[in-house]
Amino acid sequence: MIKEAWFIVAIMSGVYEDGTKDVFIFQEPQEHGHFHSSLECRQHVRNNPVPIMKALTDQYGNQPLEKILCVPEENVRKFIEGKALDAL
């Protein structure tokens, strides 16, 4: 059985003039870049707030966090393709 891949996605507060927001897709866990279930992803977020917030601060400075989500790979890929970004 193939397991679905899940990613931590952070959406930052604030909106640009064109209506877009800063979005950060974590490549965690480092061993293979994703989680195998929504529960595994959510547990990682709950148990690792300090490194997650440090990564966001390193990337965005003092820009406030709006929300953190655990998102299935299919939705992450659709977002990346819609924004014409490099694939995972």
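Which strands does helix α1 (residues 38-47) lie across? I looked this up and found that helix α1 lies across β1 and β3, running at about 50° to β1. I took axes as lines fitted to C-alpha atoms, for helices over the stretch in contact, with angles from 0 to 180 degrees between N-to-C directions; contact means heavy atoms within 4.5 Å.

I note that this is a predicted model, in which local features need pLDDT of at least 70, side-chain atom pairs count only at pLDDT 80 or more, and totals for chains, interfaces and linings use all residues. Residues are numbered from 1 along each chain as its sequence is written, and side-chain values use heavy atoms, with hydrogens and water left out.

I then listed the elements. The protein has three helices and three strands, in the order β-β-α-α-β-α from the N terminus. Helices (H or I, at least four residues) and strands (E, at least two) are DSSP runs, numbered from the N terminus.

I examined the sheet next. Its three strands form an open sheet in the order β2-β1-β3, with antiparallel pairing; two strands pair if DSSP finds at least two bridges between them. β2 (23-25) and β3 (65-72) each have a single partner strand, so one side of each lacks a neighbour in the sheet. I recorded an average twist of 20° from one strand to the next. Between β1 (residues 6-12) and β3 there are seven bridges, and F7 stands opposite V71 in β3.

Finally, I traced helix α3 (residues 73-82), which lies across β1, β2 and β3 at about 115° to β3.
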